[in-house]
Amino acid sequence: MSHGCNSCCNGDHSHMDDSPEMGVEYSLYQRIDKENLTCLNERRDGSAKEIFKPWEERLNMDKIVESDVDEELLFNIPFTGNVKLKGIIIVAPDDDSHPMRMRLFKNQPNMSFDDVHAEAVQEYELHHDPTGLLEYPTKPVSFSSVNHLTIHFPTNFGTDCTQVCYIGLRGEWTAPQRQEITIANYELRPNLSDHPNRVWDQVFHEVQ
């Protein structure tokens with residue numbers, strides 16, 4: 001549950017209560033296709049998949065993503081269905097390695113750093129949050145139908161390495177709609193009664 005910010009905060013986020021309900025609210029990590037999740041510029045391959053985890057494990061610093069050659073990180077996050085994304089929480093160390101900005105794109109799989117120069121669907125100035133109690137709400141209309149989410153952290157608070165411990169996603173998930181398959185029945189073996197005026201050999205070719 002969220003509550004209002006004090007006078008020192010900007011209006012781009014909400015403060016959350018540390019209640020058991022948060023574990024239910026932030027359960028979209030279960031709807032991520034982790035097999036195909038990627039993170040560009042991560043120092044250790046596969047580390048990005050580990051920070052999409054239960055709310056109760058958000059403060060576990062044993063699982064962390066670190067940037068490699070510079071401070072940028074780019075997450076490509078496919079979902080297993082359709083998502084109505086409502087909010088995001090970013091947990092990171094309370095130092096200069098914490099991301100300072102976040103940019104969101106939707107339904108553009110396999111984005112690279114060359115692609116992020118395009119206008120983002122939504123951008124945020126981030127605040128230090130080592131406890132995971134700040135939520136960044138999304139625009140409801142813009143993120144009502146998401147099957148792929150891209151998160152770009154272009155910079156941090158002043159060091160060469162960006163670190164992220166937890167990314168929490170809040171929203172609603174629906175299963176993908178299955179396309180109807182038309183089944184056609186083909187006559188593999190002719191019915192002789194349907195062709196009284198023709199003679200057929202054993203391999204079902206018409207004999208002239």
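## Contacts, cores and charge pairs in a predicted model

His148 touches Asn76, Ile77, Pro78, Phe79, Phe105, Lys106, Asn107, Gln108, Pro109 and Asn110, residues up to four places away in sequence being left out; contact means heavy atoms within 4.5 Å. The model is predicted, so local features need pLDDT of at least 70 and side-chain atom pairs count only at pLDDT 80 or more, whereas totals for chains, interfaces and linings use all residues. Residues are numbered from 1 along each chain as its sequence is written, and side-chain values use heavy atoms, with hydrogens and water left out.

His148 belongs to strand β9, residues 146-153. Strands (E, at least two residues) and helices (H or I, at least four) are DSSP runs numbered from the N terminus. With a relative accessible area of 5%, His148 is buried; buried means under 20%, exposed over 50% and partly exposed in between, with a 1.4 Å probe and protein chains only.

**Nonpolar cores.** A nonpolar core is a set of buried Ala, Val, Leu, Ile, Met, Phe, Trp, Tyr and Cys residues joined through side-chain atoms within 4.5 Å. The largest one has 30 residues, of which Phe75, Met102, Phe153, Ile167 and Leu169 touch the most other members. Two or more residues come from each of β5, β6 (101-106), β8 (134-137), β9 and β11 (166-174), and β5 gives the most, with eight residues. Ile167 is in contact with Ile51, Phe52, Phe75, Ile88, Ile89, Ile90, Ile151 and Phe153, leaving aside neighbours within four places in sequence. Another core lies apart from the largest one and has eight residues, among them Met22, Trp55, Cys165 and Tyr166.

**Aromatic rings.** The whole structure contains five aromatic pairs. Rings of Phe, Tyr and Trp (its six-membered ring) pair if their centres lie within 6.5 Å; planes under 30 degrees apart count as stacked, over 60 as edge-to-face and the rest as tilted. Phe75 and Phe153 are edge-to-face, because their ring centres are 5.9 Å apart and their planes stand at 85°. This pair links distant parts of the chain, as Phe75 in strand β5 (residues 73-91) and Phe153 in strand β9 are 78 residues apart. Phe75 is buried at 0% relative accessible area, and Phe153 is buried at 0% as well. Tyr26, Trp55 and Tyr166 form one aromatic cluster.

A charge sits over a ring if NZ of Lys or CZ of Arg is within 6 Å of the ring centre and within 35 degrees of the ring normal. Arg58 lies over the face of Trp55, at 3.7 Å from the ring centre, and Arg31 over that of Trp173, at 3.8 Å.

**Salt bridges.** There are eight salt bridges in the structure, each a side-chain nitrogen of Lys or Arg within 4 Å of a carboxyl oxygen of Asp or Glu. Three of these pairs are tabulated below.

| Pair | N to O distance |
|---|---|
| Arg43 and Glu66 | 4.0 Å |
| Arg44 and Glu50 | 2.9 Å |
| Glu135 and Arg170 | 2.6 Å |

Glu135 and Arg170 are both buried. Glu135 lies in strand β8 and Arg170 in strand β11, so this pair ties together parts 35 residues apart in sequence. By contrast, Arg43 is partly exposed at 45% relative accessibility, as is Glu66 at 25%. Arg101, Arg103, Glu123 and Glu125 are linked in a network of salt bridges.
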